Amino acid sequence: MAPLISFDEALELGALTDHEEIGALVERAWQVRTDRFGDSTDMCSLVNAKSGGCAEDCGFCAQSRYADADTPMHAMMEPDQILEHAKAAEAAGAHRFCMVTQGQGLSKRDFAKIVEGAKLVSEHTNLKRCASIGHMSVDRAKQLKEAGIQRVHHNVETSRSYYPEVSTTVRYEGRIRTIDAVNEAGLESCVGGILNLGETPRQRVEMAFELAEIDPDSVPINLLNPRTGTKFGERDLMDPWEVVKWVAIFRLILPDALFRLCGGRVENLGELQPLAVKAGLNGVMMGNFLTTLGVEPAEDRAMFEELGLNVARQDDNGAVPRPDNRSGWLEGETPRTPVEELVDSQAEANFWDPSTQLRLHRKAKPPPYPSEPPAAATAAEPAGWGD
């Protein structure tokens, strides 16, 4: 569906500062969300399947070799380790599970481990399956689909006009090519970005309308959690009311997309997280994030239930189309969920835990962030395109 507001209307809403006016905007976004999705939810969880040592210069990321910060690292997980974390996510009440790796693309060996991990998660859980593994070709996207992956995540991060300030080694055009490859392979897409990277309000609206053109099934919204030593490491956190306002604006521009808040929601929103849910969210990233800690599963479930939303486990896994599988291409039955009762805390399951499962690697003085794309980046295709 087309946006429900114009570009100029979005700019006007972006200028709101009065809390009562923002509250009225939230009610408007809540109506849009309930009209399209009822009381359904789409709760996600992830595992950082490969961390650290990234050659790219994304200014928000401590994994970048350009960041003057210790790098959180571990090698690619084995498929059975991926399955173990998926089972923990399922026990916590997640509906879907995403396997995430750093960098622009994966080697053949690491890609094979993701494929095998996806097969195990498909065979032994009732979770919907996602992957976020950088750039890929249509062939690789088809291999993921055959392995049981249903959706691929690949952010644009920010508006096209502001993108050169965020990264020079990962090209915006390359991100769009990967999203096109995902669509061509018949997979659902998950495309979003990060707020508070220094973009203007107009550029936030630009990103939302550019996402409307891409038309992803899912839109994750991240909020910058400034990491010391990164390009954006000295920025202040966003005002919580500003976050709520922009979630609602994005909902009005992208009325049919599944929205979730991911990284930075705890630090930026604090006690206003429930209001952000009402501003139009379908779900959140449950549990921990790539390199930082989240909140307990019971708290996230309660946050949605208090608004009358249904966080119950889904047993169809796509056999009956739901709002998070609108295309309806999934068929067949899946095994029964092996967990009878949901756990309330991460300690009750072997959840992904960056505080214990990442080791910090102290690197030598990093090179300065590039001010323009390196020549090689304009010509060479990243790993993962050709095979």
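These legends describe close-up views of a predicted model.

**View 1. The whole protein, for orientation.**
The protein has 14 helices and 11 strands. Its 387 residues include 58% that count as buried. Among contacts with a separation of 6 or more, 80% join residues 24 or more positions apart.

Glu-199 has a relative accessible area of 7%, so it is buried. Beyond its neighbours within four places in sequence, Glu-199 touches Thr-158, Tyr-162, Ile-194 and Arg-204. With Arg-204 there is a polar contact, side chain to side chain, at 2.7 Å. A polar atom of the Glu-199 side chain also lies 2.7 Å from the backbone nitrogen of Asn-196. Tyr-163 is 36 residues away from Glu-199 in sequence. In space, the C-alpha atoms of Glu-199 and Tyr-163 are 9.2 Å apart.

**View 2. Asn-196 and Asp-215, two residues with positive phi.**
Asn-196 is not a glycine, yet its phi is positive, about 85°. Asn-196 belongs to the loop between β7 and α8. Its relative accessibility is 5%, so Asn-196 counts as buried. Asp-215 is also a residue other than glycine, and its phi is near 60°. Asp-215 lies in the loop between α8 and β8, a strand of residues 218-223. Asp-215 has a relative accessible area of 55%; the cut-off for exposed is over 50%, so Asp-215 is exposed.

**View 3. Helix α8 packed with helix α9.**
Two packed helices are described by the angle between their axes and the distance between the axes. Helix α9 spans residues 240-253. The angle between α8 and α9 is about 35°, and their axes are 9 Å apart. The crossing of α8 with α9 is right-handed. On the α8 side, the meeting residues are Pro-201, Arg-204, Val-205, Met-207, Ala-208, Phe-209, Leu-211 and Ala-212. On the α9 side they are Glu-242, Trp-246, Phe-250 and Ile-253. Arg-204, part of this meeting of helices, is also the polar partner of Glu-199.

**View 4. Aromatic pairs.**
The structure holds 3 aromatic pairs. One of them joins Tyr-66 and Tyr-369: the ring centres are 5.9 Å apart and the planes stand at 25°, so the pair is stacked. Tyr-66 lies in the loop between β1 (44-50) and β2 (71-73). Tyr-369 lies in the loop between β11 (359-361) and α14 (375-379). The pair therefore ties together parts that are 303 residues apart in sequence. Tyr-66 is buried, with a relative accessible area of 9%. Tyr-369 is partly exposed, at 22%. Another pair is formed by Tyr-163 and Tyr-172: the ring centres are 5.4 Å apart and the planes stand at 75°, so the pair is edge-to-face. Both Tyr-163 and Tyr-172 are buried.

**View 5. Arg-140 over the ring of Phe-111.**
The charged end of Arg-140 sits over the Phe-111 ring. The distance from this charged end to the ring centre is 4.3 Å.

Notes:
Residues numbered from 1 in each chain as written. Predicted model: local features only at pLDDT ≥ 70, side-chain atom pairs only at ≥ 80, totals over all residues. Heavy atoms only, no water. Buried < 20%, exposed > 50% of the residue type's maximum accessible area, 1.4 Å probe, protein only. Contact = heavy atoms within 4.5 Å. Polar contact = N/O pair within 3.5 Å; in protein donor to acceptor, adjacent residues only side chain to side chain. Phe/Tyr/Trp six-rings, centres within 6.5 Å; stacked < 30°, edge-to-face > 60°. Helix = DSSP H or I, 4+ residues; strand = E, 2+ residues; numbered from the N terminus. Lys NZ or Arg CZ within 6 Å of the ring centre and 35° of its normal. Axes fitted to C-alpha atoms, helices over the stretch in contact; angles between N-to-C directions. Left-handed = near helix turned anticlockwise from the far one by under 90°.
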